[in-house]
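Morning, everyone. I have one structure to show today, and I will keep it brief.

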Amino acid sequence: MQSLAPFLPVKAEIAATLLEFVQHVKHGQRERDSQGRLLPLSSEELEVREAFHRRAKTLNRRGSNGMVSRPPENKSRLEGDTQAVSPQYLAGFIDGEGSLMIAKYRDRKNRKIRYRARASVSNTDRTVLESVRRTYGGILANQPARKAGWKHAYQLIWTGGMIEHLLLLVGPHLRLKGKQANVVAQFIRHQRETRPGPRRAQLGSVVG
């Protein structure tokens, strides 16, 4: 956990809480009986551990308005250095909180059914999504809260030509959505290979 914590901008606070708990347990003094067996925890120690439990539970409550997130220590690095967001990091983000799909929609002009490759990641922390967008592009959109009491969320979306470049960088590092990425990549190649070429100029007959 200690080695991972600096690379968790979204869950920096919960990581800090877990590290603090581990250090507390590690340096705590447990009493033993005459036979060397550990005695039950004292009431004071149980209260301390319960406080850690409540804090971690609050931080893990998805989108809760009661959760106040502190800016991660490496926030300035994320904002100023586009190389901070690696393909491996984004792949983990997509695996955990993203989607890869072939969206089906109806063309507004002629009402015909169309298909389009689409990738997205969602989070309540706009700063993290903005840092990803600076490196990999995409469209940042608002995502209204789905339930009362949840925080407002944001969604970073890639479509069209943007998604092919994204998959080239991130695809090899996907662990859970690798198959979806392959299907989307095949769909993009199929679209490119079957796309109609430029219309040939039609020459009319010249009547002399």
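Four residues of helix H2 are buried: Glu-45, Phe-52, Ala-56 and Leu-59. Why do they sit on the same side of H2? Because they cover an arc of only 65° around the axis. In general, an α-helix has 3.6 residues a turn, so residues three or four places apart point the same way. Now turn to the other side of H2. There, Glu-44, Glu-47 and Lys-57 are exposed.

Remember that this is a predicted model.

Some dimensions. H2 runs from residue 43 to residue 60, 18 residues in total. From its first C-alpha to its last it reaches 26 Å. That is close to the 26 Å expected at 1.5 Å a residue.

Is Arg-49 buried or exposed, or partly exposed? Its relative accessibility is 24%, so it counts as partly exposed; the buried class stops under 20%. The side chain of Arg-49 makes a polar contact with the side chain of Glu-45, at 2.7 Å. Glu-45 is one of the buried residues of H2. Further along the sequence, Arg-49 touches Phe-21, Val-25 and Leu-41.

Last stop, away from the helix. Asp-107 is in the loop between strand S1, 98-106, and strand S2, 113-123. Asp-107 counts as buried, because its relative accessibility is 17% and the cut-off is under 20%. Which residues does Asp-107 touch, leaving out those up to four places away in sequence? Lys-112 and Arg-114.

Technical notes: Residues numbered from 1 in each chain as written. Predicted model: local features only at pLDDT ≥ 70, side-chain atom pairs only at ≥ 80, totals over all residues. Heavy atoms only, no water. Helix = DSSP H or I, 4+ residues; strand = E, 2+ residues; numbered from the N terminus. Expected span 1.5 Å × (residues − 1). Buried < 20%, exposed > 50% of the residue type's maximum accessible area, 1.4 Å probe, protein only. Arc of directions from axis to C-beta. Contact = heavy atoms within 4.5 Å. Polar contact = N/O pair within 3.5 Å; in protein donor to acceptor, adjacent residues only side chain to side chain.
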